[in-house]
Amino acid sequence: MIIALLAVGCGDADDTDASTAATTAAPAEAPSTTTEADADDTNDGTIGEAEDPEAATRTVTDAFGTVEVPAEPQRVVSVSVTVTGALLALDAPVVATAVSVGPLSDDLGFWLQWADVAVEAEIDALPGPELSIEAVAAAEPDLIVGTAFGRDGVDDNLYGLLEEIAPVVVIDQSGLSWQESMQAFAAALGRTDEAAAVEADFAAAVDAASLDTSFPVVAFVPSEDGQLNTFTTVSAHGRLLADLGLDVVDVEAFAGDAALDAAGQRADVVAVSTELVPDAYADATLLGIFADEERLTTVIGSQPTLGALSAVAEGRVVPLGVESFRIDPFSARLVLDRLVEAIGAG
């Protein structure tokens, strides 16, 4: 059986408005987890003391309710390409992943920021762009993971098919930073120590970095369609930039028809019309999301209001690459490295 899995490529306006890239205003809670051993008064609560360690399970509360998963999964399949980076950063035993062939990926459909890791680990690429249920089953997973958010999200129908194969954990990432998202998967997979190590390594890199904070920054997706989709302070991108010590421009007051309220839906991206760009962006340094230098230069050249900004005249324009479209542990480090190179203070 083949079931359609919404493409996560970036060929249309919905993609470039970062529909899979950002956060909502109210962060979701990480899944709660308990193990059989936790509930067993005959031992001290460690999974290793279970009568049959391979049969030990963990109860996870996710986007679909509660599910019993292996306490120490050995064969994990990711059915959402956007979560695979977090799993690889946790050194989870991923044997196969959904892919998305396009500008974000290599020829196999592995996203560029973690493609080399996936290749080295000999992870299988599940056939796409439609997800094959048969291919998932053939990978013989003891745990299936996915996201409830974005174009590669797991819906009710897909969830029902997947749970016939193995336990399924689906995390709603819509209100999570990359650290919170990784922590949620780590809790489900029993890899919280690995998550802590990844965060500590990133924090050390941030501490060692030196960025010029003389100007605020604005992160946007370059487009020639008359409005610029711009990341808010509560988006995954905005939160990452704030973590790096940068002052992120609050553009919500300049929102166009793509703006979403905090109660409602997304709060990560607003559409700023080109006529409002001088007021919204002012003297901020421009950070191009999902853009290389050629793309960013082309869009600035086609948009007089962008071209007239002081950031352009002063050379404060930074393409952050296609990898910056979705923030995960790998792309977060790439963004940091590229900012250090472009606006490093020392």
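1. Helix H14 gives the most to the lining of the second largest pocket, with four residues. Helices here are DSSP runs of H or I with at least four residues, strands are runs of E with at least two, and both are numbered from the N terminus. H14 (329-343), H3 (81-89) and H8 (192-208) each supply at least two residues of this lining.

2. The model is predicted: local features need pLDDT of at least 70, side-chain atom pairs count only at pLDDT 80 or more, and totals for chains, interfaces and linings use all residues. Residues are numbered from 1 along each chain as its sequence is written, and side-chain values use heavy atoms, with hydrogens and water left out.

3. The second largest pocket holds about 190 Å³ of space. A pocket is an open set of points on a 1 Å grid over the protein atoms alone, where a 1.4 Å probe fits, with protein on both sides within 12 Å along at least five of seven lines; lining residues have an atom within 4 Å of a point. The volume is the space filled by probe spheres set on the points, which are joined across faces, edges and corners.

4. The lining comprises nine nonpolar residues, one polar and two charged. Asp, Glu, Lys and Arg count as charged; Ala, Val, Leu, Ile, Met, Phe, Trp, Tyr, Cys and Pro as nonpolar; the others, Gly among them, as polar. Among the lining residues are Leu 88, Gln 113, Trp 178, Asp 201, Phe 330 and Arg 333.

5. H3 is largely enclosed by the rest of the structure, because nine of its nine residues are buried (under 20% relative accessible area, with a 1.4 Å probe and protein chains only). Leu 88 and Ala 89 are among these buried residues, and both also line the second largest pocket. Just after H3, Asp 91 takes a positive phi of about 55°.

6. Five strands form an open sheet with mixed pairing, in the order E13-E12-E11-E14-E15; two strands pair if DSSP finds at least two bridges between them. The edge strands, E13 (269-273) and E15 (317-319), each pair on one side only.

7. Five of the five residues of E13 are buried. Val 269, Ala 271 and Ser 273 point one way, and Val 270 and Val 272 the other. E13 pairs with E12 (residues 227-231) in the antiparallel sense over five bridges, and Ser 273 is the bridge partner of Gln 227.

8. E11 (residues 217-221) and E14 (residues 285-288) run parallel, joined by four bridges. Phe 220 stands opposite Gly 288 in E14.

Notes. Buried < 20%, exposed > 50% of the residue type's maximum accessible area, 1.4 Å probe, protein only.
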